[in-house]
Amino acid sequence: FAVEATGSAVVLDMLLGLVVGGARIAMVGIFHGKSEVNTNAIVEREIELRGCSVFADEQLEAVRLLPTLAQRLARLISTPIALDGVPSAYRDLIEGRAAALQTIIRP
């Protein structure tokens, strides 16, 4: 399972190359303009690509669940870093050394 939340075609293409066969990718990022996607990778590796958006009250329901899930979700988020720490944080992510899935950047 993976989540594409950037809206970047480059990131989506990289993600398609990184996930295992049979993976599911939830796309929540908003893309601007047309994007080229490696459709052969999706077919040959049987990757499920699903777009996700808020249409009704789903977001309100999710927000109501946050207090209950706060401790579990906190494990996914890094300690906030300064802008000058971004290159190091990306290096850790790329090399598999990141302790969290989400990095908070504070200017």
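Leu83 touches Ile105 and Arg106, leaving out residues up to four places away in sequence; contact here means heavy atoms within 4.5 Å. This leucine lies in the loop between strand 4 and helix 4, where helices (H or I, at least four residues) and strands (E, at least two) are DSSP runs, numbered from the N terminus. Leu83 also comes up against Pro107 in a C-alpha to C-alpha comparison: the two are 24 residues apart in sequence and 5.5 Å apart in space. The labels go by relative accessible area, with buried under 20%, exposed over 50% and partly exposed in between (1.4 Å probe, protein chains only).

All of this comes from a predicted model, in which local features need pLDDT of at least 70 and side-chain atom pairs count only at pLDDT 80 or more, while totals for chains, interfaces and linings use all residues. Residues are numbered from 1 along each chain as its sequence is written, and side-chain values use heavy atoms, with hydrogens and water left out.

Stepping back to the whole protein chain, there are four helices and five strands, and from the N terminus on they run β-α-β-α-β-α-β-α-β. The C-alpha atoms fill a box of roughly 40 × 40 × 30 Å along the principal axes. Of the 107 residues, 17% are buried. The accessible surface comes to about 8600 Å², with 58% of it belonging to carbon and sulfur atoms; such areas come from the Shrake-Rupley method with a 1.4 Å probe, and for residues only the protein chains shown count as cover. Among contacts between residues at least 6 apart in sequence, 49% join residues at least 24 apart.

Next come the pockets. A pocket is an open set of points on a 1 Å grid over the protein atoms alone, where a 1.4 Å probe fits, with protein on both sides within 12 Å along at least five of seven lines; lining residues have an atom within 4 Å of a point. The largest pocket holds about 1100 Å³ of space. Its lining has 25 residues, and those closest to the centre are Val3, Thr6, Val11, Leu93 and Leu101. Strand 1 (2-4), helix 1 (9-18) and helix 4 (86-94) each bring at least two residues to this lining, and helix 4 gives the largest share, with five. By type, the lining of the largest pocket splits into 21 nonpolar, three polar and one charged. The second largest pocket takes up about 190 Å³ and is lined by Val3, Ala26 and Val28.

A few single residues round out the picture. Ser78 sits in the loop between helix 3 (58-74) and strand 4 (81-82), and its side chain reaches the backbone nitrogen of Ile104 at 3.5 Å. Neighbours within four places in sequence aside, Ser78 is in contact with Ala100, Gln102, Thr103 and Ile104. Val10, in helix 1, is exposed, with a relative accessible area of 66%. The C-alpha atoms of Val10 and Ser35 are separated by 8.8 Å, the two residues being 25 apart along the chain.

Glu46 belongs to the loop between helix 2 (39-44) and strand 3 (48-51) and counts as exposed, at 65% relative accessibility. Its phi is near 50°, a positive value in a residue other than glycine. Most residues other than glycine have a negative phi.

Definitions and conventions. Points joined across faces, edges and corners; volume = space filled by probe spheres on them. Nonpolar A, V, L, I, M, F, W, Y, C, P; charged D, E, K, R; others polar. Polar contact = N/O pair within 3.5 Å; in protein donor to acceptor, adjacent residues only side chain to side chain.
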